[in-house]
Amino acid sequence: MIEIKDISKTFGDRQVLAGISGSFKPGDTSLIIGGSGTGKSVLLKCMIGLIKPDSGEVLYDGRNFLTGDLEEQKTIRREMGVLFQGSALFDSKTVLENVRFPLDMLTEQSEDEKINRAKECLRRVGLEGAGDRMPSEISGGMKKRVGIARAIVLNPKYLFCDEPNSGLDPLTSIKIDQLISEITDEYKITTVVITHDMNSMMEIGEKIMFLYKGKKLWEGNSNTITQSDVAELNEFIYANKLLREMEK
Ligand SMILES: Nc1ncnc2c1ncn2[C@@H]1O[C@H](COP(=O)(O)OP(=O)(O)OP(=O)(O)O)[C@@H](O)[C@H]1O
């Protein structure tokens, strides 16, 4: 379980996050949604320790990530998997080398153990046999899968995905969403996904948090999202639908 309490962040004279609180449960794929520039990525970065909030708390199963001692922070960091926007693969490494990279950096496992674990993760994301290929030789959807395999290679308790659907066609997007959701459920991971994608909201939104100008204006799930009486959320959904219609 991840709990965030009253997170605020200001850059210069611009307040980007204004007291955000909420919780995320194991086995749930929780979504953070909202328009461009509303603070989604900054919130995610505060949660994973890439940005220090001005105030507030981030608790990982009760452990305070921001004020805990360095050893504890390191332990929590090792329990996180992150799928970055654009997959962030190393172009000069093969698919298998990309997936085993966290094992090389953070474990003392033997060569065989690392190769076997990386292969196991590639198998889990449906890329068995693609280990020797280079990132430039595979599709965008496959790259996301490699990114997911790398994010789960250390068996994370917490998984963070920043716009996992960006740049993908609708069908591939759905498959990637399903994969993230299945893995979350299977390993009882606490997963937090930032997305703009309306399909994702309807398909995998077990918990959805809507941000608007740095504030949490609404919280619910895919069943309740279309019944909200929050005007800003309704506008966001409407704009999303319109965009989707125009793309057809
Ligand atoms: N390191 C930084 N320094 C200064 N301002 C920043 C920094 N990071 C983000 N911002 C600003 O904070 C605001 C929120 O940015 P953020 O990236 O969180 O938006 P977002 O909701 O993720 O948007 P998008 O969907 O377009 O990615 C933006 O105005 C951005 O310019």
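A crossing of two helices is called left-handed if the near helix is turned anticlockwise from the far one by less than a right angle, and right-handed if it is turned clockwise. With that in hand, the helix pairs of this model can be described. The structure is a predicted model, in which local features need pLDDT of at least 70 and side-chain atom pairs count only at pLDDT 80 or more, while totals for chains, interfaces and linings use all residues. Residues are numbered from 1 along each chain as its sequence is written.

A first view comes from the annotation. The unreviewed UniProt entry lists residues 2-238 as "domain: ABC transporter"; such positions are given in the numbering used here, feature names are shortened, and annotations may be inferred rather than shown by experiment. Over residues 2-238 the chain is 38% helix and 25% strand, with the end C-alpha atoms 30 Å apart. Helices (H or I, at least four residues) and strands (E, at least two) are DSSP runs, numbered from the N terminus.

The crossing of α5 with α6 is right-handed. On the α5 side the contact is made by Gly141, Lys144, Ile148 and Ile152, and on the α6 side by Thr172, Lys175, Ile176, Leu179, Ile180 and Ile183. Residues are in contact if their C-beta atoms, placed from the backbone, lie within 7 Å. By class, the contact of α5 with α6 has 6 nonpolar, 2 polar and 2 charged residues, with Ala, Val, Leu, Ile, Met, Phe, Trp, Tyr, Cys and Pro taken as nonpolar, Asp, Glu, Lys and Arg as charged, and the others, Gly among them, as polar.

Helix α5 (residues 140-152) also meets helix α3 (residues 95-106), their axes coming within 7 Å and crossing at roughly 30°. That angle makes α3 roughly parallel to α5, and this crossing is right-handed. Val95, Asn98, Val99, Phe101 and Pro102 of α3 make the contact with Val146, Ala149 and Arg150 of α5. These residues divide into 6 nonpolar, 1 polar and 1 charged. Within α3, Val95, Leu96, Asn98, Val99, Arg100 and Pro102 are buried, that is, 20 or more other C-beta atoms lie within 10 Å of their own, whereas 12 or fewer make a residue exposed and counts in between make it partly exposed. The buried residues of α3 pack against α4 (111-124) and α5.

Asp61, in the loop between β4 (55-60) and β5 (63-64), has a positive phi near 45° without being a glycine. Asp61 is partly exposed, with 13 other C-beta atoms within 10 Å. Lys188, likewise not a glycine, has a positive phi of about 50° and lies in the loop between α6 and β8 (190-194). Lys188 counts as exposed because it has 12 C-beta neighbours inside 10 Å.

Finally, Glu203 belongs to helix α7 (residues 198-204) and is partly exposed, with 15 other C-beta atoms within 10 Å. Leaving aside neighbours within four places in sequence, Glu203 is in contact with Ile174 and Asp177.

Methods
Axes fitted to C-alpha atoms, helices over the stretch in contact; angles between N-to-C directions. Parallel < 35°, antiparallel > 145°, perpendicular 65-115°, else oblique. Contact = placed C-beta atoms within 7 Å.
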